Amino acid sequence: MPPLDETGRVDGIRINPSILAADFVNMESELARISGADFAHVDVMDNHFVPNLTFGPQMVGRIQQTSPIPLDVHLMIDNPERWAPEYAEIGAASVTFHLEAASEPVALARRLRSIGARAGVAVKPGTPVENLFDVLDEFDQILVMTVEPGFGGQSFMPETMPKLRSLAEEAKRRGSAVWLQVDGGIGESTIAEAAEAGADTFVAGSAVFGADDPDAAIVNLRNVAMRHRHTY
């Protein structure tokens, strides 16, 4: 059997179902349906940074109390310096904020780590990543958005793959252990493309929650990613 990584899952491939695709009215039972996942991905939107509104700290805190797996919180919000630490204090295992919204991303990442959360930074499809190269080790995760943030159900943007590939190559060159996450339009075919470009952490919404057996869908996605992963 392949070695387990620190999440207890196989071979460093992580599948994080997005609860944006879940039934909000039955959230506790929906979370139970993805108990085989690595993290539950929670999209927090403020109707300012993106044109949609979802969860706030109170709801995320309740999800944290009921989830059988750790939370991977993705903040699509303005002023993350003000709000991100609160999600870490709630107990989220990972908190990711957007590079485009942060005035001092490294300082914020250090603050999140000091509270005890993994610190992630996200970039929109049009945002270059070269400025992150020198500070890779300040982050535990870099999220390359493969759709424009703000709505679920969008189509995967293959034009984001060169950016992901360059991050993977740079991380390998520097010996960085940063996780490379993709989010948006991830399914059986697109997860293969993202894995080949260097991703190791995958957010999937309808591909998991739209399946008759979400846990079986998670296993299938993980296996596809493992078969196609590229080790730089």
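Helix α8 covers residues 214-228 of this predicted model; helices (H or I, at least four residues) and strands (E, at least two) are DSSP runs, numbered from the N terminus. Its 15 residues should span 21 Å at 1.5 Å a residue, and the end C-alpha atoms are 21 Å apart, which agrees; the expected span is 1.5 Å times one less than the number of residues.

The strands form an open sheet of eight, in the order β1-β8-β7-β6-β5-β4-β3-β2, with parallel pairing; two strands pair if DSSP finds at least two bridges between them. β1 and β2 (40-45) are the edge strands, each pairing on one side only. Within the sheet, five bridges join β6 (residues 141-145) to β7 (residues 179-183), and L143 stands opposite Q181 in β7.

Confidence is expressed as pLDDT, from 0 to 100 for each residue. The protein averages 93, and 94% of the residues score at least 70. Over residues 1-10 the pLDDT is below 50. Where pLDDT is low, the predicted coordinates should not be read in detail.

Residues are numbered from 1 along each chain as its sequence is written, and side-chain values use heavy atoms, with hydrogens and water left out. In this predicted model, local features need pLDDT of at least 70 and side-chain atom pairs count only at pLDDT 80 or more, whereas totals for chains, interfaces and linings use all residues.

How values were computed
pLDDT is the predictor's confidence in each residue, from 0 to 100. Contact means heavy atoms within 4.5 Å.
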